Amino acid sequence: MSLMPAWLLFATIALVFWGITGVTQKLSTNRISSQLSCFWWAWAMVAISAGLAFTVPIQWHLRPFILALSILSGVLNGLGALTSFAALESGGKASVVISLISLYPLLTVAIAVLFLHERLTPFQDLGAVMAIVAAILLSIEAPSATASPESQSGR
Amino acid sequence: MLAGMPAWLAYSLVTILLWGAWGAVFKVASSGVDANTNQIFFTVGLLPLMLVLFPAARHGAVGPQRRAGIAWAFVTGILGGAGNIAFFRALGSGGKVSIVAPATALFPIVTVMLAVTFLRERISKQQIIGFALALVAIYLLSM
């Protein structure tokens with residue numbers, strides 16, 4: 001571990017933590033509603049932000065436009081979190097739902113092209129096509145697939 | 001939800017729309033603010049949602065299932081937020097965004113491994129191919 005560069009260690013932590021959240025989301029919605037799950041997910045975000053506010057320097061004076069965008073990003077991400085909890089609550093498998101919703105950069109790239117006038121790289125062109133095919137395939141449920149009670153919405 | 005579409009799929013597609021828009025907004029916002037500050041104002045944006053959800057959060061039977069569900073939801077938020085901080089620390093400690101962003105975007109690998117192992121989920125052959133394609137697509141789109 002000591003030979004691992006710091007950035008690789010942090011990137012691995014991000015990968016693993018984000019990956020685990022897909023399962024903890026499912027474990028939550030198996031027991032409580034998506035609304036209650038999202039409410040407490042948001043409380044955790046409040047706790048993290050409170051921790052940051054007291055431990056790291058914060059730019060309290062932002063340009064109004066940037067401030068508005070930062071807050072808007074919270075609104076959009078929070079609503080997305082709510083619908084992702086709802087997807088899991090309504091019977092979606094964590095393995096499928098998380099893989100599917102992870103394709104959201106497809107839309108980000110599309111918005112960036114349309115409104116921010118960015119150009120796609122050839123790799124992103126290929127990625128966009130593969131993302132659409134992947135989304136279609138991920139949405140095809142196996143009729144005979146069975147799962148343990150924990151993988152179902154068990155409320 | 002949408003006609004003929006399973007609810008989980010419709011909610012997933014709405015999530016892609018919301019997070020896709022979030023990604024674009026975040027992209028612009030992050031040009032004028034550091035990651036820690038953004039996390040704080042991002043949380044301010046969650047407050048209206050929390051107010052809307054508060055009535056629903058008060059209802060429901062009290063018991064060990066509810067407590068466990070709340071604990072898992074809270075853990076989801078802590079791990080998600082800590083993952084965000086780790087992501088920005090990776091960028092701040094020498095990691096190139098062209099490597100860190102696509103590599104960390106592959107987190108569904110971890111979810112699928114855990115879901116198959118611990119939740120005993122089974123997925124169709126088409127979904128397995130879709131998962132593999134999604135990983136490549138996420139990687140390419142993040143480059």
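This is a predicted model: local features need pLDDT of at least 70, side-chain atom pairs count only at pLDDT 80 or more; totals for chains, interfaces and linings use all residues.

Modeller: Local features need pLDDT of at least 70, side-chain atom pairs count only at pLDDT 80 or more, and totals for chains, interfaces and linings use all residues. Residues are numbered from 1 along each chain as its sequence is written, chains are lettered from A and ligands numbered from 1 in the order in which they are written, and side-chain values use heavy atoms, with hydrogens and water left out.

Biologist: What is the area buried between chain B and chain A?

Modeller: About 9800 Å², with carbon and sulfur atoms giving 79%. Buried area is the accessible area (1.4 Å probe) that two parts lose on being put together, summed over both. In chain B, the residues that lose the most area to chain A are B:Trp8, B:Trp19 and B:Leu141, together 8% of what that side buries.

Biologist: Why is the pair A:Glu118 and B:Lys27 called a salt bridge?

Modeller: The rule asks for a side-chain nitrogen of Lys or Arg within 4 Å of a carboxyl oxygen of Asp or Glu. The side chains of A:Glu118 and B:Lys27 meet at 3.7 Å, N to O. The label therefore holds. Over all chains the count is 1 salt bridge. A:Glu118 lies in the loop between helix 5 and helix 6 of chain A and B:Lys27 in helix 1 of chain B, so the pair joins two chains.

Biologist: What makes up the secondary structure of chain B?

Modeller: Chain B has 6 helices and 0 strands. Helices (H or I, at least four residues) and strands (E, at least two) are DSSP runs, numbered from the N terminus.

Biologist: Which residues are closest to the centre of the second largest pocket, and how is a pocket defined?

Modeller: The second largest pocket has a volume of about 170 Å³. Of its 13 lining residues, the closest to the centre are A:Leu100, A:Leu106, A:Ala135, B:Leu13 and B:Ile16. On a 1 Å grid over the protein atoms alone, a pocket is an open set of points where a 1.4 Å probe fits, with protein on both sides within 12 Å along at least five of seven lines; lining residues have an atom within 4 Å of a point. Volume is the space filled by probe spheres set on the points, which are joined across faces, edges and corners.

Biologist: How many of the lining residues are nonpolar?

Modeller: The lining has 12 nonpolar, 1 polar and no charged residues. Ala, Val, Leu, Ile, Met, Phe, Trp, Tyr, Cys and Pro count as nonpolar, Asp, Glu, Lys and Arg as charged, and the others, Gly among them, as polar.
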